[in-house]
Amino acid sequence: MIYNIIKFEADPFTYFLDFSDRITLVRGDSATGKTYLYQMLEDLRMTKEYQAIKLFNYKTEDFHENLKKCKNRFIVIDNADLLLNDEDRKFINFASSNQYMLFARNCDGLNLSAGSFMLLYENDYKVSLKGELVAV
């Protein structure tokens with residue numbers, strides 16, 4: 001794991017993102033703050049503490065090639081449903097030196113556990129990840 005916790009403030013919000021798996025699939029309806037979080041991470045990655053963050057979205061040039069070059073990174077992919085192809089999914093499954101936070105609804109082709117499925121949750125200006133699946 002690159003980061004077990006990512007914690008920062010972006011007024012008026014406080015973010016506390018707790019990760020239990022190497023691959024985290026962040027899901028949720030439109031307008032729940034996923035893209036806003038992505039934008040906050042763009043600034044956060046400029047700090048020494050969070051310099052391992054690597055961001056990808058639909059504007060990323062040569063996405064597939066640049067993804068495969070990543071080692072020891074915390075990779076965040078916005079709109080992963082649209083960007084990932086089968087080769088990318090294989091890379092994510094087997095490139096164990098990286099940690100992933102994927103904003104996506106579709107998890108086909110990814111090796112995920114129950115702890116991989118998270119929802120972005122906000123309560124009283126505190127934003128966190130909440131487990132989507134309940135263990136039986």
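**View 1. Arginine 27 and its salt bridge to glutamate 132.** Arginine 27 is partly exposed at 22% relative accessible area (buried is under 20%, exposed over 50%, partly exposed in between, with a 1.4 Å probe and protein chains only). Glutamate 132, at 27%, is partly exposed too. Their closest N and O atoms sit 2.8 Å apart (a salt bridge needs a Lys or Arg side-chain nitrogen within 4 Å of an Asp or Glu carboxyl oxygen). Arginine 27 is in strand β3 and glutamate 132 in the segment after β8, so the pair ties together parts 105 residues apart in sequence. Helices (H or I, at least four residues) and strands (E, at least two) are DSSP runs, numbered from the N terminus. This is a predicted model: local features need pLDDT of at least 70 and side-chain atom pairs 80 or more, while totals for chains, interfaces and linings use all residues. Residues are numbered from 1 along each chain as its sequence is written, and side-chain values use heavy atoms, leaving out hydrogens and water.

**View 2. The network of Lys68, Glu87 and Asp88.** Lysine 68 bridges to glutamate 87 at 3.5 Å and to aspartate 88 at 3.9 Å, N to O. Lysine 68 lies in helix α2 and aspartate 88 in helix α4, so this pair ties together parts 20 residues apart in sequence. Glutamate 87 is exposed at 53%, but aspartate 88 is buried at 0%.

**View 3. The buried residues of helix α1.** Here you'll find Lys34, Leu37, Tyr38, Met40, Leu41 and Leu44. They cover an arc of only 165° around the axis, which puts them on the same side of α1 (the arc is taken from the directions from the helix axis to the C-beta atoms).
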